[in-house]
Amino acid sequence: MPEKDDHVRTRSAVFSICLIFLLSVSALSYIYFSFPELDEEEKKYVKIPYDIEDAKSLGRVLDRYKDRYYFEVLLAIFVTYIFLQTFAIPGSIFMTILSGFLFPFPLALTLVCFCSATGASLCYLVSYFAGRRLIYKYFPEKADQYSKMVQKHRDNIFNYVIFLRVTPFLPNWFINIAAPVINVPIWPFCIGTFLGVAPPSFVAIQAGKTLNQLSSASSTFSWTSVFILAAFAILSLLPVLLKKRLKDKFD
């Protein structure tokens with residue numbers, strides 16, 4: 001009976017992952033085929049940007065069509081960003097810079113935060129269905145150890161998620177994949193991601209306003225932006241520290 005249940009769970013996991021993948025590919029295909037006809041010279045630039053030059057070339061192409069096909073361009077950025085986040089594919093930072101180049105700042109920031117939270121949550125689900133089973137099968141001791149740490153700090157997990165998103169200590173793709181394995185609840189994970197990616201996205205979107213002058217992704221950051229991110233990181237953990245002090249004081 002347990003073997004039958006395990007088989008059913010495996011089939012459900014595979015079905016869920018395939019469904020997420022098919023929906024993602026379908027959305028990308030719809031964007032591609034519904035987009036206005038491009039010149040042959042422009043088509044070679046319409047691809048996922050993996051460096052700043054790719055982002056510049058794609059930005060110039062999309063900017064030409066933005067006035068006449070605003071919704072199509074917005075939807076293309078939206079779907080592509082979520083796809084990259086869902087399957088932990090590099091390139092999100094350049095999509096953030098591109099959003100800042102193409103759209104007004106409030107819209108760009110909301111778009112990036114929403115796409116990051118949605119894509120990260122879908123990546124969480126993929127990892128939950130696939131990676132979690134593998135990790136617990138081959139590394140059960142480590143998985144249990146980190147799960148107990150999460151359980152111990154469960155009341156503050158929301159603040160820790162924000163802190164990890166603001167700081168560059170761990171890459172976002174690793175956080176997305178590891179979170180379900182160590183039993184981080186999805187709602188604080190999702191909302192913490194939405195809020196936590198805002199400060200670094202703020203910096204990248206601002207840099208997008210001068211996309212044509214950028215030489216690399218690292219040039220988007222300055223000492224001022226580093227201090228801003230450090231301040232947000234400290235603020236994210238401040239409630240945890242205050243709660244701990246108050247608890248120690250009254251105990």
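Predicted model: local features only at pLDDT ≥ 70, side-chain atom pairs only at ≥ 80, totals over all residues.
Phe114, Trp187, Ile191, Phe194 and Leu195 make a nonpolar surface patch of about 530 Å². Which helix gives the most to the nonpolar patch? That is helix H10, residues 186-196, with four residues. Phenylalanine 194 sits in helix H10, and its relative accessible area of 31% makes it partly exposed. Phenylalanine 114 is partly exposed as well, at 42%.

Let's stay with phenylalanine 114 and turn to ring pairs. A pair of aromatic rings is described by the distance of the centres and the angle of the planes. The model has 11 aromatic pairs. In one of them, phenylalanine 78 and phenylalanine 114 are stacked, with 6.0 Å from centre to centre and 15° between the planes. This pair links distant parts of the chain: phenylalanine 78 belongs to helix H4 (residues 70-86) and phenylalanine 114 to helix H6 (residues 105-138), 36 residues apart. Phenylalanine 78 is partly exposed, with a relative accessible area of 27%.

Now try another pair: why is the pair of tryptophan 173 and phenylalanine 174 called edge-to-face? Their planes stand at 85°, with the ring centres 6.1 Å apart, so the pair is edge-to-face; the cut-off for that label is over 60 degrees. Tryptophan 173 is partly exposed at 46%, and phenylalanine 174 is partly exposed at 38%. There is also an aromatic cluster, formed by Phe21, Phe83 and Phe87.

Next, let's go inside. In soluble globular proteins, nonpolar side chains tend to be buried together. Here, the largest nonpolar core has 30 residues, and those with the most contacts inside it are Leu62, Ile77, Leu98, Leu102 and Phe103. Helices H3 (52-66), H4, H5, H6 and H11 (198-208) each supply at least two residues of this core. Take leucine 102: leaving aside neighbours within four places in sequence, its contacts are Gly59, Leu62, Asp63, Lys66, Val73 and Ile77. A second, separate core of nine residues includes Ala120, Ile157, Val161 and Val184.

Last stop, helix H5, residues 92-102. Is H5 mostly covered or mostly open? Mostly covered, since nine of its 11 residues are buried. Among the buried ones are Phe94, Ile97, Leu98 and Leu102.

How values were computed:
Residues numbered from 1 in each chain as written. Heavy atoms only, no water. Phe/Tyr/Trp six-rings, centres within 6.5 Å; stacked < 30°, edge-to-face > 60°. Buried < 20%, exposed > 50% of the residue type's maximum accessible area, 1.4 Å probe, protein only. Patch = residues over 30% accessible without salt bridge, like charges linked within 9 Å, V, L, I, M, F, W, Y side chains within 5 Å. Areas by Shrake-Rupley, 256 points an atom, 1.4 Å probe, with all protein chains shown as cover. Salt bridge = Lys/Arg side-chain N within 4 Å of Asp/Glu carboxyl O. Core = buried A, V, L, I, M, F, W, Y, C linked by side-chain atoms within 4.5 Å. Contact = heavy atoms within 4.5 Å.
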